[in-house]
Amino acid sequence: MFFYTHVYYARKVDKNLNALKVIGSIIPDLAGTSIITWDNLHKEKDILNFSSYVKNFHPAFNSLLKGINYHNTVDYLSHVKYKNSTPGYAYTSSTKELIDLTQKAYNVTHERAKISAHNNIECGVDFHILNDHPQLSEFIRDSIKEIDMEGLAKLIAQYFEKSEKEVIDSLKIFFSFATEYDLRNIDEWVKLFVGLNKMYLKTDSNKELTRKVLELSVELTKDTYKEFIETAIATKDTKIKD
Ligand SMILES: [Zn+2]
């Protein structure tokens, strides 16, 4: 899922939410900038290793771990298993029409289009949640301002053996997704996805078709996103899963 779904979830399940937990609830997707891999903060073994590193060497960042746990609870339902069936919500909600359209819009293989189609479904959910709760936007901005960004960059750089400068640049790009776009509007999602696809998939997207893809995703999720997020909030099982 994207930022707003994750942060909405964190707000609902945590009465003592703080800025670091908010950032933790979105940070695993820093992988979208390629500075870390998708496994690094999404897979159980990797998360447990990272957790013991933070607890031992950067205990001031312990709250970040709680947020990462929230992130993966939502992702599990979206990717792996939802309401006792597999795969998760974002994959079962992807239709053939959406996958075919995504393939054309993003100039990717059919296999890659299936993965991107799930991202589009997640964007549909995010779009609805942000439009229902526009205050989330300011809330994320405030959390980004509040945390010790330099400390976070140092921690990530050390653990993943990257240069601090590289990590700071990636964090800037990553947080700009939340601060530079008004994602209550489809046009802004189009801009974001065209940029993301260029950076991450190294493809040039067709703007018109990308808009169609995102409109279809908003349509495909409009009757089910509420149930999805309510189901996630009701899940008390927060054990870290792959
Ligand atoms: Zn994720």
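This is a predicted model: local features need pLDDT of at least 70, side-chain atom pairs count only at pLDDT 80 or more; totals for chains, interfaces and linings use all residues.
Reader: Let us start with α10. What is its span, and how many residues does it have?

Author: Helix α10 covers residues 164-179, which is 16 residues, and reaches 22 Å from its first C-alpha to its last, close to the expected 22 Å. The expected span is 1.5 Å times one less than the number of residues. Helices here are DSSP runs (H or I, at least four residues), as strands are (E, at least two), numbered from the N terminus.

Reader: Which residues of α10 are buried?

Author: They are Val-167, Ser-170, Leu-171, Phe-175 and Ala-178. A residue is buried if 20 or more other C-beta atoms lie within 10 Å of its own, exposed if 12 or fewer, and partly exposed in between, with C-beta atoms placed from the backbone.

Reader: Where do they sit around the axis of α10?

Author: Seen down the axis of α10, the buried residues fall within an arc of 125 degrees, so they line one face of the helix. The arc is that of the directions from the helix axis to the C-beta atoms. In general, an α-helix has 3.6 residues a turn, so residues three or four places apart point the same way.

Reader: And what covers the buried residues of α10?

Author: The cover includes α1 (3-13), α8 (135-146) and α9 (149-160). Contact here requires the C-beta atoms of two residues, placed from the backbone, to lie within 7 Å.

Reader: Changing topic: at what angle do α7 and α13 pack?

Author: Helix α7 (residues 110-132) and helix α13 (residues 225-234) pack at an angle of about 85 degrees, with their axes 10 Å apart. They are therefore roughly perpendicular to each other. Angles under 35 degrees count as roughly parallel, over 145 as roughly antiparallel, 65 to 115 as roughly perpendicular and the rest as oblique. The axes are lines fitted to C-alpha atoms, for helices over the stretch in contact, and angles run from 0 to 180 degrees between N-to-C directions.

Reader: Which residues make the contact?

Author: Val-125, His-128 and Ile-129 of α7 meet Tyr-225, Phe-228 and Ile-229 of α13.

Reader: Which residues of α13 are buried, and which are exposed on the face turned away?

Author: Tyr-225, Phe-228, Ile-229 and Ala-232 are the buried residues of α13. Seen down the axis of α13, they fall within an arc of 90 degrees, so they line one face. The face turned away from the buried side carries the exposed residues Glu-227, Glu-230 and Ala-234.

Reader: Now the loops. Where is the cis peptide bond?

Author: It joins Thr-86 and Pro-87, with omega about -10 degrees. Pro-87 is in the loop between α4 and α5.

Reader: What about phi of Glu-161?

Author: Phi of Glu-161 is near 55 degrees, a positive value in a residue other than glycine. Glu-161 lies in the loop between α9 and α10, and it counts as exposed because it has 6 C-beta neighbours inside 10 Å. In general, most residues other than glycine have a negative phi, and most peptide bonds are trans.

Definitions and conventions
Residues are numbered from 1 along each chain as its sequence is written.
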